[in-house]
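Student: I have just opened this entry. Could you take me through it?

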Amino acid sequence: APAAGAAAAPAAGAAAPGPIAEEANQFIVEIDKVPGAKIGLDTLGTRDRPSYLTVQKVKEGLVMEWNKAKPHLAMKEGDRILSVNGQDSSSKEMYNEIAMATHLKFVLVPKGA
């Protein structure tokens, strides 16, 4: 019986890195909206749970400027936005936050992650 218990412990430990590894794929993009400047982002919302926005296209604007300044953290087509300023309950909430907030903190996972 102790051998079975010992075998179960590593299996549970082996399962633990799953969510941690998933979170390791996440990256953050932070943008300060400037009056008159466009964000320059086309996204597609989902009704799925958990909610996310899929980046369709990065256009001229603040996101493109971020991408040029921080290519290792660039927001690209196919990336999924998991939350905007902590809002992740629905696509609508995320869109509201993008429209209303002056500082945007996007949490994303890259395409294929």
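Tutor: What follows concerns a predicted model, taken up topic by topic.

Student: How many salt bridges does a search of the whole structure find?

Tutor: The search finds one salt bridge. Its partners are lysine 59 and aspartate 42, whose closest N and O atoms are 2.9 Å apart.

Student: Which parts does that pair tie together?

Tutor: Lysine 59 is in the loop between strand 3 (53–58) and helix 3 (62–69), while aspartate 42 belongs to strand 2 (residues 41–45), so the pair links parts that are 17 residues apart in sequence.

Student: And how accessible is lysine 59?

Tutor: Lysine 59 is partly exposed, at a relative accessible area of 34%. Aspartate 42 also counts as partly exposed, with 30% relative accessibility.

Student: Back to the strands: how do strand 2 and strand 3 run?

Tutor: Strand 2 and strand 3 run antiparallel and are joined by five bridges. Threonine 43, for instance, stands opposite valine 55 in strand 3.

Student: What about strand 3 and strand 4?

Tutor: Strand 3 pairs with strand 4 in the antiparallel sense, over two bridges. There, leucine 53 stands opposite isoleucine 81 in strand 4.

Student: New topic: which residues are buried in helix 4?

Tutor: Ser91, Met94, Glu97 and Ile98 are buried in helix 4 (residues 91–100). They lie on the same side of the helix, because they cover an arc of only 125° around the axis.

Student: What is exposed on the other side of helix 4?

Tutor: Lys92, Ala99 and Met100 are exposed there.

Student: And what covers the buried residues?

Tutor: The cover over the buried residues of helix 4 includes strand 2, strand 3, strand 4 (80–84) and strand 5 (103–109).

Conventions. Residues are numbered from 1 along each chain as its sequence is written. This is a predicted model: local features need pLDDT of at least 70, side-chain atom pairs count only at pLDDT 80 or more; totals for chains, interfaces and linings use all residues. Side-chain values use heavy atoms; hydrogens and water are left out. A salt bridge is a side-chain nitrogen of Lys or Arg within 4 Å of a carboxyl oxygen of Asp or Glu. Helices (H or I, at least four residues) and strands (E, at least two) are DSSP runs, numbered from the N terminus. Buried means under 20% relative accessible area, exposed over 50%, partly exposed in between (1.4 Å probe, protein chains only). The arc is that of the directions from the helix axis to the C-beta atoms. Contact means heavy atoms within 4.5 Å. Two strands pair if DSSP finds at least two bridges between them.
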